[in-house]
Amino acid sequence: MEAFHHLMTGFVTAVSPMNLLFAAIGCVLGTLIGVLPGLGPAAGTALLVPLTFRLDPTAAIIMLAAIYYGAMYGGTITSVLINVPGEAASVVTCLDGYEMAKQGRAGAALGVAAIGSFIGGTVATFGLVLVALPLTRFALKFGPAEYFSLLLVGLSLVMGLAGKSLAKALVMGVLGLIFSFVGVDPVEGAPRFTFGIAPLMDGIRFVPVVMGFFGIGEILINAEKSLVGVIADGGKVASFFPRRDEWRISVTSILRGTGLGFFLGLIPGTNSAVASFMSYAIERKLSNHPDKFGAGVIEGVAAPETANNAYANAALIPLFTLGLPGSPTGAILMGALIMNGLTPGPLLFSQHATFVWAVIASLYIGNVILLVLNLPLVGWWAKLLKIPYNILMVFILVFCIIGAYSLNNSLFDVGMMIVCGLLGYFFKKLDFPLAPAILTLILGPLMERSLREALSMSQGDYTIFFTRPISLFFLVLAAVILATSAWQAWPSAIREESKEAQV
Amino acid sequence: MKRVNTLVWGLLIAFGAFIVHQSLGHSYYGSDFGPGPGFFSFWLGILLIVLSVIQLVTTYRRPAEPLPDGFIPSREGMRRILSIMGALAASLAVMNFLGFALTMTAFCIFLLRSLGRQPWWQTLILSALAGFGMAYLFGLLQVMLPKGFLGFI
């Protein structure tokens with residue numbers, strides 16, 4: 001009951017005209033990011049972080065959260081209308097969504113996706129309300145040793161689930177951590193890895209790195225390909241509702257998608273694409289007509305779209321309660337919170353209750369805004385795609401430059417973004433996953449501080465991590481996760497090797 | 001692919017060694033009982049070296065693989081990448097002198113012409129919008145952008 005009382009107070013703050021306006025702006029910008037190809041949710045959200053600098057923290061995070069889940073929905077529109085997924089989670093929506101559009105049923109596909117996204121997002125937010133306080137109370141028992149071990153669990157999940165190679169994910173995680181040490185040492189105040197360059201004393205900021213990796217890097221990858229012919233004609237959008245005989249199957253798919261997306265959202269390291277692909281696979285397995293999947297069945301759109309929005313909202317649970325971001329976009333939200341003087345984690349709920357409950361309440365409101373906003377405006381969003389990609393690309397680059405510069409009014413950050421763009425390009429070419437580097441870049445200082453505080457408490461005795469039961473549990477869990485990932489990677493590597501040997 | 005892998009893992013080994021070397025310049029154990037500023041980075045450097053050496057050895061133990069399709073960009077693709085990187089680097093070099101509006105206008109003219117086939121009038125309008133329009137818009141949002149020698153917005 002206490003949580004609902006807090007939530008009601010949160011609604012009072014969230015429905016203030018300014019906060020409503022910023023939620024709506026966030027939804028529009030998020031949808032725009034989702035619609036535009038070549039600009040994923042991570043780069044898009046990072047790009048817009050500087051826009052929130054002049055806002056008060058509540059409005060800033062309400063807007064960024066709206067951008068985050070708005071982008072999830074935006075990707076659907078282009079998948080259905082022109083078979084171009086705006087982001088990875090929408091790839092699977094193309095399979096049946098585009099087929100439905102070809103049959104003149106784009107409206108029904110978009111309608112069921114919007115309704116599913118709304119239900120998935122709302123239920124996941126309800127879950128956040130239910131578990132936030134108990135989880136926070138549990139997390140308040142954590143000392144530095146427990147927190148360090150918990151961060152290890154989060155990182156091992158991210159590394160274990162990212163990309164094809166565990167070694168490459170580990171290397172990226174280590175590189176992110178090393179970059180996070182640049183600047184003044186958090187405990188003793190000594191400068192590290194600054195090489196006498198004054199701007200490095202403040203450390204490497206995550207926004208230029210994210211914009212470089214995901215924005216410039218992506219643009220360079222796209223620039224390799226031909227830039228003409230990306231844009232196709234949008235289909236006609238008629239009724240937004242499924243046929244009468246499709247309602248029952250749509251509802252059950254939406255419910256399954258909600259459950260799966262919510263569950264996966266709680267696990268750091270999974271991503272919304274995993275949620276949507278997995279829910280598509282489950283629907284196909286449970287269906288009476290699996291052969292029709294890919295030919296335009298409504299559950300092929302309803303389930304994955306619901307799952308990816310439920311995922312996006314549920315992923316805020318570990319972020320807000322434990323300070324554990326599960327994806328690069330979550331890490332950017334975490335970075336934005338830290339920039340606003342708010343550290344995600346159990347103390348957020350006790351020290352900044354008004355803020356955090358207002359943001360949670362705004363998630364409900366944002367889901368309604370998305371539903372109201374997107375369906376009538378679908379045609380307009382599709383028109384945006386007629387802009388040639390080379391023009392879009394140039395404007396994205398200009399935005400990246402403004403975004404990086406306005407962080408600290410410094411060209412050094414722009415330079416950092418350009419260098420990271422080049423690095424991001426090479427990492428992508430070489431199949432190195434970028435997510436672990438971003439997460440460790442943000443979590444690095446927290447990890448180092450908790451490690452060193454724990455060792456100071458124990459007077460240099462490392463057994464502190466093993467003698468405290470919660471810390472030991474987390475360490476064992478992290479080891480199991482890494483061992484499982486390594487085990488799964490091992491046989492496939494051997495199989496591949498023997499296959500190649502035979503050839 | 002073997003040569004590419006050797007280069008990548010070799011670079012990472014060198015970077016790890018550099019981090020270890022730099023970490024040794026900081027105190028491993030601090031003034032109190034906890035570890036000092038060089039502790040964590042020292043072990044991360046070691047971990048990077050170990051991981052990279054394992055991968056390097058694996059590369060040599062496995063049969064040679066061909067480069068994946070499209071790994072090396074086409075001549076046209078390479079030209080586009082170099083245009084973008086060159087324009088970014090040049091704009092970084094002249095931004096403080098020319099200011100945001102002029103630099104971005106020139107940046108867009110160059111890229112729109114080199115990446116696409118827009119007519120000149122369209123290129124000029126779009127570039128002015130991206131340069132002067134953005135500078136004006138972000139000025140309204142109180143974002144300070146470099147003004148340059150002309151004192152432009």
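Domain bounds in this tour come from an automatic or database domain assignment, which for chain B gives domain 1 (2-61) and domain 2 (75-140). Select these two ranges to begin: the C-alpha centres of domain 1 of chain B and domain 2 of chain B lie 40 Å apart.

This is a predicted model, in which local features need pLDDT of at least 70 and side-chain atom pairs count only at pLDDT 80 or more, while totals for chains, interfaces and linings use all residues. Residues are numbered from 1 along each chain as its sequence is written, and chains are lettered from A and ligands numbered from 1 in the order in which they are written.

Colour chain B by pLDDT, the predictor's confidence in each residue from 0 to 100; its mean is 86, and 95% of the residues of chain B reach 70 or more. For the complex, the predictor gives an ipTM of 0.92 and a pTM of 0.81.

**Chain A as a whole**

Of the 503 residues of chain A, 61% count as buried; a residue is buried if 20 or more other C-beta atoms, placed from the backbone, lie within 10 Å of its own, exposed if 12 or fewer, and partly exposed in between. A nonpolar core is a set of buried Ala, Val, Leu, Ile, Met, Phe, Trp, Tyr and Cys residues joined through C-beta atoms within 7 Å. Select A:Val210, A:Met211 and A:Ile438, which touch the most other members among the 215 residues of the largest such core. Helix H4 (residues 57-82) of chain A gives the most to this core, with 18 residues. Domain 1 (2-61) and domain 2 (75-140) of chain B both give residues to this core, so it lies between them.

Centre on A:Val210 next: leaving aside residues up to four places away in sequence, A:Val210 touches A:Ala42, A:Ala43, A:Ala46, A:Pro328, A:Ile332 and A:Ile438, a contact being two C-beta atoms, placed from the backbone, within 7 Å.

**Where the chains meet**

Show both chains together, where 49 residues of chain A are in contact with 49 residues of chain B. The elements giving two or more residues to the side of chain A that touches chain B include helix H8 (166-180), helix H9 (206-224) and helix H17 (389-408) of chain A. H17(A) gives the most to that side, with 9 residues.

Go to A:Phe193, in the loop between strand S2 (191-192) and H9 of chain A. A:Phe193 has a positive phi of about 50° although it is not a glycine, and with 21 C-beta neighbours inside 10 Å it counts as buried.

Move on to A:Asp431, in the loop between H18 and H19 of chain A; its phi is positive too, near 65°, but A:Asp431 counts as exposed, with 11 C-beta neighbours inside 10 Å.

Finish at A:Met339 in helix H14 (residues 328-339) of chain A, which is partly exposed, with 18 other C-beta atoms within 10 Å.

Notes:
Helices (H or I, at least four residues) and strands (E, at least two) are DSSP runs, numbered from the N terminus.
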